[in-house]
Amino acid sequence: MKKISAQKLSGKMVMDLDGGEIGILHNVVADAATGMLSELVVKPAAELDTSEFKEEGEYIVIPFQAVKAIKDVIIVDREGIRERA
Amino acid sequence: MEIELSSLYGQDIYTDRGVYVGKIEDVSVDIKEKRISGLAVRNINPYAFKVGKKKGVIIPYRWVTAIGDIVLIKHVSRRRAAEEEKEREEEEIEK
């Protein structure tokens, strides 16, 4: 089973499937009752067009379903984000 | 209720019988299952968990009964705590 320390996740780079930079992971949101991870809170890269993301103050929120891979960086599928929006 | 994982760090854990367990240091997440797998706890109360020389334990998230200003878990016997120690050792090997 693949388990990761949540503390180590913060500060990881978030990228899309094309290798484009989205931002830096700030926090992870989970459902307290079930423990299911629901969202990533990301500090967007300066050059990113944030209009297609859900914004929350200076951060953008990405649904956890859009996450494709997590290792040295976090890969998210932009299509998955748009479908929900 | 939705919680930010970073808000858990430093929170105190008690059992549902009011026994202090320790302080949350980190949260272990299962990427494949997309869920929290456990809470890494330090500053362990030796009367709640026998940890020996180890610095902490990982409490499986399924033991958690409530999260608010503090975290409550099911009351467990020392024997089960020893089993968790074993789990933690296995996790450290994976790392």
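Is A:Glu52 buried, exposed or partly exposed? It counts as partly exposed, at 21% relative accessibility. Keep that residue in mind. I will come back to it.

First, a caution. This is a predicted model. Every value I quote is computed from it.

Let me start with the contact between the two chains. Chain B puts in 25 residues, and chain A puts in 25 residues. Together they bury about 2,300 Å². Carbon and sulfur atoms give 52% of that area. On the chain B side, three residues stand out: B:Glu2, B:Ile31 and B:Lys34. They supply 27% of the area that chain B buries against chain A, more than any other three residues.

Now the polar side of the interface. Between chain B and chain A there are 18 residue pairs in polar contact.

E3(B) gives the most, with six residues.

Three bridges join it to strand E1 of chain A, residues 3-5. The two strands run antiparallel. For a landmark, find A:Lys3. It stands opposite B:Asp30 in E3(B).

Next, salt bridges over all chains. The count is six. The general point is simple: side chains of opposite charge can pair when their charged atoms come close.

Back to A:Glu52. Its side chain meets that of A:Arg78 in a salt bridge, 3.3 Å from N to O. A:Glu52 lies in the loop between E4 and E5 of chain A, and A:Arg78 lies in helix H2 of chain A, so the pair ties together parts that are 26 residues apart in sequence.

Is A:Arg78 buried or exposed? It is buried, with a relative accessible area of 19%. The cut-off for buried is under 20%, so A:Arg78 at 19% falls on the buried side, while A:Glu52 at 21% counts as partly exposed.

What else does A:Arg78 meet? Its helix, H2, covers residues 78-84. A polar contact of 2.9 Å joins its side chain to that of A:Asp16. Leaving out residues up to four places away in sequence, A:Arg78 touches A:Asp16, A:Ile22, A:Leu48, A:Glu52 and A:Phe53. A:Asp16, A:Glu52 and A:Arg78 are linked in a network of salt bridges.

A:Glu39 is in strand E4 (residues 37-44) and A:Lys54 is in strand E5 (residues 54-56), 15 residues apart. A:Glu39 is buried, at 13% relative accessible area. A:Lys54 is partly exposed, at 46%.

Now chain B. B:Asp12 forms a salt bridge with B:Lys23, and the closest N and O atoms are 3.1 Å apart. B:Asp12 sits in strand E2 (residues 12-15) and B:Lys23 in strand E3, eleven residues apart. B:Asp12 is partly exposed, with a relative accessible area of 22%. B:Lys23 counts as partly exposed too, at 33%.

To close, two things to look for in the structure.

Definitions and conventions
Residues are numbered from 1 along each chain as its sequence is written. Chains are lettered from A and ligands numbered from 1 in the order in which they are written. This is a predicted model: local features need pLDDT of at least 70, side-chain atom pairs count only at pLDDT 80 or more; totals for chains, interfaces and linings use all residues. Side-chain values use heavy atoms; hydrogens and water are left out. Contact means heavy atoms within 4.5 Å. Buried area is the accessible area (1.4 Å probe) that two parts lose on being put together, summed over both. A polar contact is a pair of N or O atoms within 3.5 Å; within protein, one must be able to donate a hydrogen and the other to accept it, and residues adjacent in sequence count only if both atoms are side-chain atoms. Helices (H or I, at least four residues) and strands (E, at least two) are DSSP runs, numbered from the N terminus. Two strands pair if DSSP finds at least two bridges between them. Buried means under 20% relative accessible area, exposed over 50%, partly exposed in between (1.4 Å probe, protein chains only). A salt bridge is a side-chain nitrogen of Lys or Arg within 4 Å of a carboxyl oxygen of Asp or Glu.
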